Amino acid sequence: MNYPSRVMTIAGSAAGGSAGIQADLKTFQELDVYGMSIVTAIVGRHPDTGKNVHSQTIEAIEAQFDTAIKQVGVDGLKTGMLFSEKVIETVGGLIRNSGIKTVVVDPVMIGKMNSKLLKDDAIEALKHQLIPMATIITPNVPEASMLLDGREIDSIDDLQQAAVELHRLGPKYVLVKGGRLAGPAIDVLYDGRKLTAFEAPRIDTVNTSGAGCTYSAAIAAYLTKGKPVTEAVHLAKSFVTTAIAHGFSYTDIVGPTYHAAERKNGEAHRIIVKTI
Ligand code: PXL
């Protein structure tokens with residue numbers, strides 16, 4: 001038997017199941033890779049205190065990583081919510097020592113429910129201790145802006161400029177996601193030489209919780225299956241767009257994307273790819 005390739009997510013647990021570790025594992029399953037998870041923090045909404053982030057200890061993070069490496073082995077990974085400088089340092093060290101080469105860094109900072117998923121003083125650690133070892137980083141507009149010291153990003157030209165400047169931090173590829181700008185959802189990929197745009201139609205929905213997690217998890221899955229980066233981004237954008245198009249909610253709170261949509265409909269959303 002040909003076993004599925006092995007993908008790890010290092011991220012936070014999102015109790016509602018739409019984002020974080022839960023979105024990543026659902027995505028891995030849909031794309032037929034073997035999913036493993038290292039939980040860095042547990043995010044829940046605490047009605048009394050308003051506090052909702054419970055970070056895990058460094059020992060717990062190291063123990064989980066060690067278990068996955070020894071019990072299974074890892075072909076590729078993605079990082080999501082890391083929360084603190086200390087966790088970023090630890091995760092950076094674990095990845096470096098493991099020799100894992102396929103590394104997708106989703107620089108998660110703030111959740112859709114406005115949960116703070118990265119401390120302000122952890123941004124420098126992200127820039128210097130994790131991003132340089134990434135195969136690809138996948139910031140959205142606010143994240144790209146924070147990584148570039150508050151720069152305004154309002155247009156496709158700004159996305160391109162941001163991708164070029166973020167590449168100087170050392171990742172092999174930068175994907176700046178323009179979904180929060182007006183018009184179609186255009187993302188820009190930069191490999192140090194050329195810019196490529198991926199365009200999907202804007203979908204009129206509020207149920208996009210976990211879309212970024214799902215997108216980066218799908219990129220990690222496709223890379224680990226052996227796809228080149230541009231094709232992995234193309235396939236992942238198609239997967240997440242189909243999931244967004246079928247998003248729903250069980251309550252009056254912003255709901256999940258539908259991870260099974262591509263499989264159940266037998267059809268992936270068409271994405272326009274252009275070299276800029
Ligand atoms: O969607 C970003 C995100 C990532 N990770 C965790 C989250 C969220 C959003 O709420 O809770 C754990």
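Buried here means under 20% relative accessible area. The model shown in these views is predicted.

**View 1. Strand β8 is enclosed by the rest of the structure.**
Strand β8 covers residues 185-190, and six of the six are buried, so the strand is largely enclosed by the rest of the structure.

**View 2**
Strand β7, residues 173-177, pairs with β8 in the antiparallel sense. Four bridges link β7 and β8. Look for K177, which stands opposite D187 of β8. Strand β9, residues 195-200, also pairs with β8 in the antiparallel sense, here over six bridges. A185 has A200 of β9 as its bridge partner. β8 and β9 form a hairpin with four residues between the strands. Within this hairpin, G192 takes a positive phi near 100°.

β1 and β2 run parallel and are joined by nine bridges. Strand β2 spans residues 34-43.

**View 2. Strand β4 is covered on both faces.**
G76 and K78 lie on one side of β4, L77 and T79 on the other. These four residues are all buried. K78 takes part, with V104 of β5 as its bridge partner.

**View 3. The ligand lies within a shell of protein residues.**
The shell consists of G12, S13, A14, A19, G20, V43, M81, V108, G111, L117 and C213. Taken alone, the ligand exposes 310 Å², and the protein buries 89% of that. Which strand gives the largest share of the shell? Strand β1, residues 6-14, supplies three residues. By type, the shell holds seven nonpolar residues and four polar ones. No charged residue belongs to the shell.

**View 4. Helix α2 has a buried face and exposed residues turned away from it.**
Helix α2 runs over residues 58-71 and has 14 residues. From its first C-alpha to its last it reaches 20 Å, close to the 20 Å expected at 1.5 Å a residue. I58, I61, F65 and A68 are buried. Seen down the helix axis, the buried residues of α2 fall within an arc of 105°, so they line one face. E59, K70 and Q71 are exposed, on the face turned away from the buried side.

Most residues other than glycine have a negative phi. F83 has a phi near 75°. F83 is placed in the loop between β4 (76-79) and α3 (85-98). D149 has a phi near 55°. The place of D149 is in the loop between α5 (141-147) and α6 (156-167). Is F83 buried or exposed? F83 is buried, with a relative accessible area of 14%. D149, by contrast, is exposed, with a relative accessible area of 68%.

**View 5. I253 lies in a loop between two helices.**
I253 is partly exposed, at a relative accessible area of 34%. Along the chain, I253 and N207 are 46 residues apart. The separation of their C-alpha atoms is 8.6 Å.

Note on methods. Residues are numbered from 1 along each chain as its sequence is written. This is a predicted model: local features need pLDDT of at least 70, side-chain atom pairs count only at pLDDT 80 or more; totals for chains, interfaces and linings use all residues. Side-chain values use heavy atoms; hydrogens and water are left out. Buried means under 20% relative accessible area, exposed over 50%, partly exposed in between (1.4 Å probe, protein chains only). Two strands pair if DSSP finds at least two bridges between them. A residue is near a molecule or strand if one of its heavy atoms lies within 4 Å of it. Accessible areas come from the Shrake-Rupley method with a 1.4 Å probe; for residues, only the protein chains shown count as cover. Ala, Val, Leu, Ile, Met, Phe, Trp, Tyr, Cys and Pro count as nonpolar, Asp, Glu, Lys and Arg as charged, and the others, Gly among them, as polar. The expected span of a helix is 1.5 Å times one less than its number of residues. The arc is that of the directions from the helix axis to the C-beta atoms.
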